Amino acid sequence: VRTDSDGTFRFQGVSTGQHSISTSVPGYMPKSADFSLTRPTEIANVVVVLDPVGTRFYSYYLPHTAEGGGWWTYFVLVNPNIAGGDLAMTAYDAAGISLAVSDKLNRIGVNSQVRGSPSDFFAPAAIAKAAWYKIDSSVPLAGFEMYGSTIQGTIAGFALGPADATRIYLPHIAIDTQWWTGVSFVSAGSKLAAFRVEARDATGGLVGQNSWPRYLNPGEKTVDVFNNYFGSDYSSDTQWARIDSDAPIAGFELFGTNDFRMIAAIPALSQGAKVSYLPNILFSDGWATGIAFLNVSSRPGSVRLTAYSSIGAQVAAGKPVPLPAGAKAVGVVESFFDALPHTAAYVRMDSDAELVGFELVLKSTPPLFGGLPALSNPARDIAYPFAVSNNDWDTSLTLINASDAQSKITLRAMASDGSILAEKTMGMGPRAHHSGVLKS
């Protein structure tokens, strides 16, 4: 065993088979990582990230990025806490090998924001090889990743989150003459993990299983259009997907039109909810809203959709939708109601089984397209990690008072350094909805 100047331990003459490396360093929590060698000449690169004693770290993943070749990537992190936090951003290649830790990102202040492209934080040599990134923080953060085409001008984004589940769901798969669906996954565990992708139809029936890859190494990434994971066995009946792994996994899906004029992204979902909200529905003046919800529990359920106006009045109640375990319902929002008045602003979904859901809002002329998972965790404090308002861009905010009581809402516009630029207080009635551009 020898140690290089950069702190890398090199083990020579290790036999083939399964092995484990354990670490114990004063002041840090002990940790181990598993790896395997199949050939005597094989080289295994094992990264063991140590956590200081008494410190909890929160990890956020950028599971796919693209800079160059007509694509750009941008991410935002916000610290909405009462204390600052330590940060470490690491670049990894597709095999999960650590390429570099950014020396430009190591601290985030109270209410502060960090934003930029990965190339703003790493040298070109690391960017050229990087396939994904991870941000470790000593405080919980709110984050957002977006990317787009410099050729078509399309843009897609989704909220950043941890990789804390070994089972995740992709609630919508669209592959036909008009649509494509791409997916990306990163194994966040510390050992070789089995990787199973199941294609399911609208009833929950299994219609395919991935032919490759069957295993992912720690930190390994796989990305492709969804049907390529199944080869010639891909079924056109596929409506959604379930991914199971022996290790926590991060992932997302990106779908769009084959001409790339419209794209949208949705993070892989790991938990269902019995009460959730589709926060903004549009179905007039050239707009359309498509919704889908999936029963991820092991028993059948019944789903009730209720539409509310901006003042919180119930304006339509849909008929109960029976949904067996694993089944999915999908359609334009109007199809779930006998009549849906144009005063409807949002929809609440109630079920006796756990659901994951999402909405897609689109307009064909000009082409506008966006996806958003159903929201299921109302909170008293919410951080919108990114907002812009200038001659070229604007930001729309949507708020729902999910309670049965009158609420006072305080909105604060923050600078990147955490200072308050403007403040506005307004009242919201029970179940009320407010949506508008940032300037309003």
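Predicted model: local features only at pLDDT ≥ 70, side-chain atom pairs only at ≥ 80, totals over all residues.
Which residues of the largest nonpolar core touch the most other members?

**The main core**

Select Met89, Phe122, Tyr133 and Leu254: out of 28 residues in the largest nonpolar core, these touch the most other members. Now colour the elements that supply at least two residues each to this core: E5, strand E6 (71–78), strand E7 (85–92), helix H1 (124–129), strand E11 (132–137), strand E13 (155–159), strand E21 (249–257) and strand E22 (263–267). E7 gives the most, with 3 residues.

Stay on Leu254 and show what surrounds it. Leaving aside residues up to four places away in sequence, Leu254 touches Tyr147, Ala156, Trp180, Thr181, Gly182, Ile263, Ala264 and Ala265.

There is a second, separate core too, made of 22 residues. To find it, pick Phe283, Ala316, Val321 and Leu323, which are among its members.

**An open sheet**

Next, go to cartoon view and highlight E19, E15, E21 and E22. These 4 strands make an open sheet, in the order E19-E15-E21-E22, with antiparallel pairing. At the edges sit strand E19 (221–225) and E22, each pairing on one side only. Ignoring direction, neighbouring strands here are turned by 15° against each other on average.

Zoom in on the E19 end. Strand E15 (residues 179–187) runs antiparallel to E19, and 5 bridges join the two.

**Aromatic rings**

A search of the whole structure turns up 22 aromatic pairs.

Then select Trp179, Phe255, Phe358 and Phe369, which form one aromatic cluster.

Time to look at some loops. Most residues other than glycine have a negative phi, and most peptide bonds are trans.

- Thr365 and Pro366 are joined by a cis peptide bond, with omega about -10°. Pro366 lies in the loop between strand E29 (344–363) and strand E30 (368–373).
- Asp285 is not a glycine, yet its phi is positive, near 55°. Look for Asp285 in the loop between strand E23 (273–278) and strand E24 (287–295). With 68% relative accessibility, Asp285 counts as exposed, because the cut-off for exposed is over 50%.
- Arg431 has a positive phi as well, about 65°, although it is not a glycine. Its place is the loop between strand E33 (420–428) and strand E34 (433–437). Arg431 has a relative accessible area of 13%, so it is buried, the limit being under 20%.

**Last stop**

Finish at Thr38, in the loop between strand E4 (31–37) and strand E5 (58–62). Is Thr38 buried or exposed? Its relative accessible area is 60%, so Thr38 is exposed. Now draw a distance line from Thr38 to Ala432: the C-alpha atoms of these residues, 394 residues apart along the chain, are separated by 61 Å.

How values were computed. Residues numbered from 1 in each chain as written. Heavy atoms only, no water. Buried < 20%, exposed > 50% of the residue type's maximum accessible area, 1.4 Å probe, protein only. Core = buried A, V, L, I, M, F, W, Y, C linked by side-chain atoms within 4.5 Å. Contact = heavy atoms within 4.5 Å. Pairing = 2+ DSSP bridges. Axes fitted to C-alpha atoms, helices over the stretch in contact; angles between N-to-C directions. Phe/Tyr/Trp six-rings, centres within 6.5 Å; stacked < 30°, edge-to-face > 60°.
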